[in-house]
Amino acid sequence: MDEEASWATARRLLHDDTLKSQDRLAGLLLLLYAQWPAAISRLTVDHIEETDGAVRIRLGADPVDLPAPVAELALQQVAARRSHAVLGRTDSPWLFPGGQPGRPISAWAMGERLRKLGIRLAQTRSTALFQLATELPAAVLARTLGIDITVAVKWQRAAAGDWAV
């Protein structure tokens, strides 16, 4: 996925109200923050922080400020999340509850939801990591996205954004 196609998809997810808000948020977490469906599915409401009007998400050690439209989707998801299980209609600690009470959506189900939006998972994540690696030092990239430092360094070198030079 090239950068222009990625931004077109991001704009669609930001503004297309016909799509489910939870799918829009999950897609944006992949497109903008290079998160795999498995990582997205394991997010809890505790990963979302709202302080002094700013909304942050903790994907790694350091929380990331969410831009206003993404922040709104995140807060909507925190408020609206419910288990999909017929017998287990209780509030869930998971940001993306699954079909079984007390369990998150499976990584496979999350991936399927994103694929139905036309998002190609591996290509989209690679595009996001490539872009982020050109803009951030590897240490910051690793801490904010929750990826290993060696992975961040490899992406940075691939993007020719080697901050060590």
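Arg11 is partly exposed in this predicted model, with a relative accessible area of 41%. The side chain of Arg11 forms a salt bridge with Glu4, and the closest N and O atoms of the pair are 3.2 Å apart. Glu4 is exposed, at a relative accessible area of 52%. The cut-off matters here: exposed means over 50%, so Glu4 counts as exposed while Arg11, at 41%, falls in the partly exposed class.

Side chains of opposite charge can pair when their charged atoms come close. The count of salt bridges in this model comes to 6, and one of them joins Arg24 and Asp17, with 3.3 Å from N to O. The two partners sit in opposite classes of accessibility. Arg24 is buried, with a relative accessible area of 7%, whereas Asp17 counts as exposed at 65%.

Another salt bridge is formed by the side chains of Asp23 and Arg113, at 2.6 Å from N to O. Where in the chain do Asp23 and Arg113 lie? Asp23 belongs to helix H2, residues 21-33, and Arg113 to helix H5, residues 107-116, so the pair ties together parts that are 90 residues apart in sequence. Both Asp23 and Arg113 are buried.

The next topic is empty space. Rolling a probe the size of a water molecule over the atoms shows where empty space is left. In this model the largest pocket has a volume of about 200 Å³. Helix H1 (3-15), H2 and helix H6 (121-135) are the elements that give two or more residues to the lining of this pocket. H6 gives the most, with 5 residues. Among the lining residues are Glu3, Trp7, Leu31, Leu32, Gln131 and Glu135. What kinds of residues make up the lining of the largest pocket? The lining divides into 6 nonpolar, 3 polar and 2 charged residues.

The model also contains strands. An open sheet is formed by 3 strands in the order S1-S2-S3, with antiparallel pairing. Which strands are the edge strands? They are strand S1 (48-51) and strand S3 (64-65), because each of them pairs on one side only. S1 pairs with strand S2, residues 54-57, in the antiparallel sense over 4 bridges. Within this part of the sheet, Glu50 has Val55 in S2 as its bridge partner.

Methods
Residues are numbered from 1 along each chain as its sequence is written. This is a predicted model: local features need pLDDT of at least 70, side-chain atom pairs count only at pLDDT 80 or more; totals for chains, interfaces and linings use all residues. Side-chain values use heavy atoms; hydrogens and water are left out. A salt bridge is a side-chain nitrogen of Lys or Arg within 4 Å of a carboxyl oxygen of Asp or Glu. Buried means under 20% relative accessible area, exposed over 50%, partly exposed in between (1.4 Å probe, protein chains only). On a 1 Å grid over the protein atoms alone, a cavity is a set of points where a 1.4 Å probe fits but cannot get out, and a pocket is an open set with protein on both sides within 12 Å along at least five of seven lines; lining residues have an atom within 4 Å of a point. Grid points are joined across faces, edges and corners, and a volume is the space filled by probe spheres set on the points. Ala, Val, Leu, Ile, Met, Phe, Trp, Tyr, Cys and Pro count as nonpolar, Asp, Glu, Lys and Arg as charged, and the others, Gly among them, as polar. Two strands pair if DSSP finds at least two bridges between them.
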